[in-house]
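Open the structure in your viewer and keep the selection tool ready. We will go stop by stop.

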Amino acid sequence: MVTLTAPYISGFLAFRETPYLLEALQRLETTQPSLLPQVVLVDGNGLFHYREFGLASHLGVLSGLPCIGVAKDLLQVQGVEKSEEHQSQVRAPPLTFHTSRDQNA
């Protein structure tokens, strides 16, 4: 747990949160280097940020680790629009489960 000192300003999340995430990664590298991840998934944007350099990009550059932004909301940048066409391209197919009884049928 950390106490954030900078206010939330839309589009500037990296300046608020990167120092704490970087500190956590550095602490992990010092205390448990075998647990340091090969890739970091970040709850934020990277290249899909308004300025094409969001939280994931900042953390990746400063940590030296590959970081991927997996934001909850799609930012409408670089010609990407949140339209029905886009939604159909990213929508995952429904999961189906098979039981051993289904396989024997």
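Begin with helix α1: select Ala14, Arg16, Thr18, Leu22 and Leu25, which are buried. Buried means under 20% relative accessible area, exposed means over 50%, and partly exposed lies in between (1.4 Å probe, protein chains only). Among what covers these buried residues are β1 (40-42) and α2 (55-63).

A word on the ground rules. This is a predicted model, where local features need pLDDT of at least 70, side-chain atom pairs count only at pLDDT 80 or more, and totals for chains, interfaces and linings use all residues. Residues are numbered from 1 along each chain as its sequence is written, and side-chain values use heavy atoms, with hydrogens and water left out. Helices (H or I, at least four residues) and strands (E, at least two) are DSSP runs, numbered from the N terminus.

**The length of α1**

Now select residues 13-31, the whole of α1. The helix has 19 residues and reaches 27 Å from its first C-alpha to its last, close to the 27 Å expected at 1.5 Å a residue. That expected span is 1.5 Å times one less than the number of residues. Stop at proline 19, where α1 bends by about 25°. The bend is the angle between axes fitted to the seven residues ending there and the seven starting there.

**A charged pair**

Which residue forms a salt bridge with arginine 27? Pick glutamate 23: the closest N and O atoms are 3.3 Å apart. A salt bridge is a side-chain nitrogen of Lys or Arg within 4 Å of a carboxyl oxygen of Asp or Glu. By this rule the count is 1 salt bridge. Both residues lie in α1, 4 residues apart, about one turn of the helix. An α-helix has 3.6 residues a turn, so residues three or four places apart point the same way. Arginine 27 counts as partly exposed because its relative accessibility is 47%. Glutamate 23 is partly exposed too, at 42%.

**Over to α2**

Select histidine 58, in helix α2. Is histidine 58 buried or exposed? Histidine 58 is buried, because its relative accessible area is 18%. Leaving aside neighbours within four places in sequence, histidine 58 is in contact (heavy atoms within 4.5 Å) with Ala14, Phe15, Thr18 and Phe53. The buried residues of α2 also include Leu55 and Gly60. As a group, the buried residues of α2 pack against α1, β1 and β2. Just after α2, find glycine 64, which takes a positive phi of about 80°.

**Last stop**

Finish with isoleucine 68, in strand β2 (residues 67-69). Isoleucine 68 counts as partly exposed because its relative accessibility is 44%.
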